[in-house]
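Visitor: Could you take a close look at the sheet and at what packs on it? Please go through the strands and their neighbours with care, giving the criteria behind each term.

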Amino acid sequence: MKKYDPKVTSWQINEQDFPRDEDSTEKLKFLLRYAILAPSSHNTQPWKFSIGEDEILIFVDKTRWLKVADSDQRELHVSIGCALENLLIAAEHFGYAHQMTYFPEQGNEELAAVVRFTPQEQTSACRGWSPRWHSWS
Ligand SMILES: Cc1cc2nc3c(=O)[nH]c(=O)nc-3n(C[C@H](O)[C@H](O)[C@H](O)COP(=O)(O)O)c2cc1C
């Protein structure tokens with residue numbers, strides 16, 4: 001197996017590498033490999049994550065906000081939504097149900113969402129996919 005380095009081999013994901021025999025945190029960490037492949041405004045990748053036992057917290061990384069090009073933070077939040085959607089598709093693929101809360105802490109604009117995961121007996125067949133790079137141009 002090629003050693004995973006998010007800065008070098010991020011697109012080289014093999015679903016066979018899903019750590020079935022490791023603990024929940026390692027499994028959720030694997031799902032994040034798909035989340036970080038999401039498109040983002042000017043490739044800013046304005047997200048940060050925190051992994052718990054059965055949940056992932058998604059934060060807006062305001063240091064990556066393009067204040068001039070995206071003054072209303074619309075693209076910033078669309079980008080977060082793209083990462084979130086990738087995460088949910090990956091979670092379903094690897095057999096997790098998920099429950100989401102958007103901006104769970106009043107006044108905390110940096111914590112965009114919390115996703116709680118529940119392992120299911122069956123994996124999802126409805127969202128077939130594979131990680132492929134697509135350019136807009
Ligand atoms: C909210 C948002 C706005 C974007 N706007 C443009 C755009 O105007 N023109 C463009 O070529 N790509 C746009 N993109 C695509 C990103 O530039 C692209 O995802 C990023 O550079 C990474 O490239 P990749 O997705 O091909 O890996 C946008 C992506 C997002 C999420």
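Guide: Phe 59 stands opposite Leu 111 in S4, where strands and helices are DSSP runs (E, at least two residues, for strands; H or I, at least four, for helices) numbered from the N terminus. The model is a predicted one, in which local features need pLDDT of at least 70 and side-chain atom pairs count only at pLDDT 80 or more, while totals for chains, interfaces and linings use all residues. Residue numbers start from 1 along each chain as its sequence is written.

Strand S2 (residues 55–60) and strand S4 (residues 111–119) run antiparallel and are joined by five bridges; two strands count as paired if DSSP finds at least two bridges between them. They belong to an open sheet of four strands, antiparallel in its pairing and ordered S1-S2-S4-S3. Strand S1 (47–51) and strand S3 (96–102) are the edge strands, each pairing on one side only. From one strand to the next the twist averages 20 degrees, with axes fitted as lines to C-alpha atoms (for helices, over the stretch in contact) and angles taken from 0 to 180 degrees between N-to-C directions.

Helix H1 (residues 24–35) packs on this sheet, touching S1, S2 and S4, and its direction makes about 165 degrees with that of S1; contact here requires C-beta atoms, placed from the backbone, to lie within 7 Å. Helix H2 (residues 74–93) lies across S1, S2, S3 and S4 and runs at about 165 degrees to S2.

In the segment after S4 comes Glu 121, whose C-alpha atom is separated by 8.7 Å from that of Tyr 96, 25 residues apart along the chain.

Key:
Contact = placed C-beta atoms within 7 Å.
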